[in-house]
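Subject: Structure handover

Hello,

Here is the structure I said I would pass on. Please look it over before reading the notes under it.

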Amino acid sequence: MAMVGLFWITEDSVYLGAEPVGEGTGVRLTTEGVETLEDERDRSWGWGEVRGIEVRGVPVRSAARRVVSMTFGTLYAALTGDRELPSTFTTCVETSGGTAEVCVFTAVTGGIYTPEEYELSRALLGRLTDGGVTVADMIAWRREWDSDETPQREDREALLRFWADGPEPAVG
């Protein structure tokens with residue numbers, strides 16, 4: 001697994017936010033289409049049926065504010081023993097039949113994204129739904145990435161820019 005922007009990329013699919021575990025909900029992007037993973041009502045659509053994918057409520061802060069928030073959260077947990085669940089955001093999948101909304105956990109450490117990763121991820125969602133880039137492109141990168149570690153911030157942004165805009169990637 002590798003986290004790039006809002007995406008959790010495995011060797012066979014891409015999740016928006018974290019890959020759901022146990023009873024968690026999620027949204028999986030595959031080469032065939034989009035799947036919502038919910039308790040008892042999983043749904044799926046082929047890419048031809050998907051009109052758009054939007055995200056709402058994504059926790060975004062500048063890199064400096066993100067570090068302060070993460071430090072405060074770690075200190076609070078250490079002092080109180082109270083462990084918070086990761087932050088969440090809502091993914092909205094628009095199809096010809098309506099809109100499905102699913103709450104997903106953030107995948108990024110500390111649960112907060114930088115503005116650049118957020119905006120590039122939103123642009124990439126648009127390219128995925130209009131066919132300008134495919135999930136197969138993202139999975140191919142993951143299969144070539146020889147580490148289970150998430151790339152550094154600058155490298156993640158370069159990948160997102162490549163997928164969203166087309167310039168040469170700096171990673172992989």
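The notes below go from the chain as a whole to its parts.

This is a predicted model, so confidence comes before anything else. The mean pLDDT of the chain is 83, with 82% of the residues at 70 or more. Strand 7 (residues 50-56) has the highest confidence, at 96, and helix 1 (residues 63-80) the lowest, at a mean of 44. Within residues 64-78 the pLDDT is below 50, and this stretch makes twelve contacts in the model beyond near neighbours in sequence.

Overall layout

There are four helices and nine strands in the chain. Read from the N terminus, the order is β-β-β-β-β-β-β-α-β-β-α-α-α. The chain has 172 residues, and 42% of them are buried. Of the contacts between residues at least 6 apart in sequence, 61% join residues at least 24 apart.

Strand 5 (residues 33-37) pairs on two sides of the sequence. With strand 4 (residues 26-29) it runs antiparallel, joined by four bridges, and a hairpin of three residues links the two. R28 has E35, in strand 5, as its bridge partner. With strand 6 (residues 43-46), strand 5 again pairs in the antiparallel sense over four bridges, this time through a hairpin of five residues. Here G33 is bridged to G46 in strand 6. Is strand 5 largely enclosed or open? Four of its five residues are buried, so the rest of the structure largely encloses it.

T30 sits in the loop between strand 4 and strand 5. Its relative accessible area is 9%, under the 20% cut-off, so T30 counts as buried. Leaving out residues up to four places away in sequence, T30 touches S13, E35, W47 and V135. E35 is also the bridge partner of R28.

The nonpolar core

The largest nonpolar core holds 44 residues, and F7, L29, V34, L124, L128 and W163 have the most contacts inside it. Helix 2 (residues 115-130) contributes the most to this core, with five residues. L29 touches F7, S13, V14, L16, V34, W47, I53, L128 and V135, with residues up to four places away in sequence not counted. Among these neighbours, F7, V34 and L128 are also on the list of residues with the most contacts inside the core. S13, W47 and V135 are touched by T30 as well.

Helix 2

Helix 2 has 16 residues and spans 23 Å from its first C-alpha to its last, close to the 22 Å expected at 1.5 Å a residue. Its buried residues are E117, Y118, L120, S121, L124, L125, L128 and T129. An α-helix has 3.6 residues a turn, so residues three or four places apart point the same way. After helix 2 comes G131, which has a positive phi, near 85°.

Helix 4

Helix 4 (residues 153-165) has 13 residues and reaches 18 Å from its first C-alpha to its last, close to the expected 18 Å. R156, E157, A158, L159, L160, W163 and A164 are its buried residues. They pack against strand 1 (2-4), strand 2 (7-9), helix 2 and helix 3 (135-144). W163 is also one of the residues with the most contacts inside the largest nonpolar core.

D165 belongs to helix 4 as well. Is D165 buried or exposed? Its relative accessible area is 55%, over the 50% cut-off, so D165 is exposed. D165 and R127 lie 38 residues apart in sequence, with 8.7 Å between their C-alpha atoms.

Cysteines

How many disulfides does a search of the whole structure find? The search finds zero. Two cysteines can be described by their accessibility. C92 is buried, because its relative accessibility is 4%. C103 is partly exposed, because its relative accessibility is 39%.

Regards

Technical notes
Residues numbered from 1 in each chain as written. Predicted model: local features only at pLDDT ≥ 70, side-chain atom pairs only at ≥ 80, totals over all residues. Heavy atoms only, no water. Core = buried A, V, L, I, M, F, W, Y, C linked by side-chain atoms within 4.5 Å. Buried < 20%, exposed > 50% of the residue type's maximum accessible area, 1.4 Å probe, protein only. Contact = heavy atoms within 4.5 Å. Expected span 1.5 Å × (residues − 1). Disulfide = S-S within 2.5 Å. pLDDT = per-residue confidence, 0-100. Pairing = 2+ DSSP bridges.
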